[in-house]
Amino acid sequence: MASVFLGINDRTFTFMFVAGRSEFQGTGFRNPMDMALAPDDVIYVVNRSYESRSDGTRINVFRLGDEGEEYITEFGSYGEEKGQFIWPISIAVDSDVNVYVADEWLNRINVYDRDGEFLRDWGIHGAGDGELNRPSGLAIGQDGTMFVVDSLNHRVQRFTLNGEYLGQFGSFGSGPGQLNTPWGIGLDKDGNVFVADWRNDRIQQFTAQGEWQASFGQPGTGGDASIVQKMGGIKLSNVPVGQFNRPAGVCVDQDGDIYVADWLNNRVQVLTPDGRFISEFTGDAGLSKWGVDKIRSNPDMIRQRNGVRDFTPERVLWAPCAVKVDGKGRVIIADTTRHRFQVYQKNTEPVLI
């Protein structure tokens with residue numbers, strides 16, 4: 001299936017609010033890499049933090065209400081012991097709200113219950129069937145099949161929720177169905193698999209059994225990090241639509257529209273099911289509810305904020321790693337380097353723009 005990028009405008013989105021603030025513990029996030037949507041507006045968040053501040057590496061649990069965020073709890077910690085992680089990168093929940101976390105460094109999947117109690121882990125380093133080399137994206141199908149992006153083996157593997165190997169697809173390369181250091185993964189309502197083919201700067205679509213169906217996008221900005229290095233977090237980038245610079249995350253909503261976290265282009269792009277461009281999000285953030293609470297508690301922070309003349313760095317996305325759409329049509333973007341989430345509403349009725 002050929003990829004065509006023609007603009008269409010019969011879908012509109014409205015910015016809602018920001019959730020989160022920069023914190024190593026408690027009511028905030030530190031480099032949120034991925035999120036998993038659970039019932040009752042509950043969201044589980046993987047925080048990667050820094051090697052120098054490993055105390056911020058943890059799983060957050062919060063509720064995303066209609067007017068902002070509500071802290072619930074956090075669990076997990078940095079380390080190599082059972083239930084710990086070194087480089088957590090992605091997260092998924094099953095129908096019982098058990099929580100699965102992929103650890104790139106330890107090449108394993110940790111499993112917790114909904115309250116964060118460690119249940120088990122599985123995975124072994126290697127390139128054979130069922131072995132892992134830097135696992136990244138996770139997705140769970142309606143039948144309970146777990147898809148694991150096996151990044152440095154350049155493939156996607158299928159497992160049971162207990163880690164029993166079922167099959168795989170993909171191989172190293174740039175041709176149709178081939179992968180180069182893939183990262184994120186998402187499923188549509190029909191069980192089709194969408195993979196963020198990170199090093200090839202594109203999205204690929206497969207059936208649940210791994211048959212290639214389509215590829216979307218092409219490299220933008222020469223495939224380097226110039227946009228994020230020179231303009232990341234400072235001003236809006238200006239890159240042609242349909243071009244990707246290391247896409248990190250992908251999801252599909254109930255209408256079949258495809259959302260791509262265009263990591264080093266500092267944006268999220270929205271495509272139709274056949275790959276045509278719909279819209280892009282570059283950021284509209286202000287202060288979150290938690291952010292307002294923190295600034296109001298410190299007069300020095302209030303004075304510093306009152307002296308700001310250009311709020312563009314606060315507004316724009318900076319290296320977003322993940323995007324998800326919930327049952328209410330809310331587009332939730334992990335604004336990773338800003339340690340927060342930006343939330344948009346997909347409108348079901350026409351909106352004057």
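This report describes a cavity, a pocket, a helix pair and several loop residues in a predicted model.

Rolling a probe the size of a water molecule over the atoms shows where empty space is left. The structure holds 1 cavity of 30 Å³ or more. At least two lining residues come from each of the strands β2 (32–37), β6 (88–93), β10, β20 (247–252) and β24 (322–325). Sorted by class, the lining of the largest cavity comprises 10 nonpolar, 5 polar and 2 charged residues.

**The second largest pocket**

The second largest pocket has a volume of about 410 Å³. Its lining consists of 17 residues, and Arg 21, Ser 22, Leu 287, Glu 314 and Arg 338 lie nearest the centre of the pocket. Two helices, α2 (289–296) and α4 (312–315), each supply at least two residues of this lining. Helix α2 gives the most, with 3 residues. The class composition of the pocket lining is 5 nonpolar, 7 polar and 5 charged residues.

**Packing of α2 against α3**

Two packed helices are described by the angle between their axes and the distance between the axes. Helix α2, which also contributes to the pocket lining, packs with α3 (residues 299–306) at an angle of about 110°, and the two axes are 6 Å apart. Because this angle falls within the range of 65 to 115 degrees, α2 is roughly perpendicular to α3. On the α2 side the contact is made by Lys 294, Ile 295 and Arg 296, and on the α3 side by Met 301, Ile 302 and Arg 305. By class, this contact has 3 nonpolar, no polar and 3 charged residues.

**Loop residues**

| Residue | Relative accessibility | Class |
|---|---|---|
| Tyr 78 | 28% | partly exposed |
| Gly 128 | 26% | partly exposed |
| Arg 134 | 24% | partly exposed |
| His 339 | 8% | buried |

Tyr 78 lies in the loop between β5 (68–75) and β6. Apart from neighbours within four places in sequence, Tyr 78 is in contact with Glu 51, Ser 54, Thr 57, Gln 84, Phe 85 and Ile 86. Tyr 78 is 25 residues from Asp 103 in sequence, and the C-alpha to C-alpha separation of the pair is 11 Å.

Gly 128 is likewise placed 25 residues from Asp 103 in sequence, with 18 Å between the C-alpha positions. The loop that holds Gly 128 runs between β9 (118–122) and β10 (135–140). Once neighbours within four places in sequence are set aside, the contacts of Gly 128 are Arg 155 and Gln 157.

Arg 134 is also found in the loop between β9 and β10. Although not a glycine, Arg 134 has a positive phi of about 60°. At 24% relative accessibility, Arg 134 is not under the 20% limit for buried residues, and therefore counts as partly exposed.

His 339 has a positive phi of about 60° as well, and is not a glycine. His 339 is located in the loop between β25 (330–335) and β26 (340–346). Its relative accessibility of 8% is under 20%, so His 339 counts as buried.

Notes:
Residues are numbered from 1 along each chain as its sequence is written. This is a predicted model: local features need pLDDT of at least 70, side-chain atom pairs count only at pLDDT 80 or more; totals for chains, interfaces and linings use all residues. Side-chain values use heavy atoms; hydrogens and water are left out. On a 1 Å grid over the protein atoms alone, a cavity is a set of points where a 1.4 Å probe fits but cannot get out, and a pocket is an open set with protein on both sides within 12 Å along at least five of seven lines; lining residues have an atom within 4 Å of a point. Grid points are joined across faces, edges and corners, and a volume is the space filled by probe spheres set on the points. Helices (H or I, at least four residues) and strands (E, at least two) are DSSP runs, numbered from the N terminus. Ala, Val, Leu, Ile, Met, Phe, Trp, Tyr, Cys and Pro count as nonpolar, Asp, Glu, Lys and Arg as charged, and the others, Gly among them, as polar. Buried means under 20% relative accessible area, exposed over 50%, partly exposed in between (1.4 Å probe, protein chains only). Contact means heavy atoms within 4.5 Å. Axes are lines fitted to C-alpha atoms, for helices over the stretch in contact, and angles run from 0 to 180 degrees between N-to-C directions. Angles under 35 degrees count as roughly parallel, over 145 as roughly antiparallel, 65 to 115 as roughly perpendicular and the rest as oblique.
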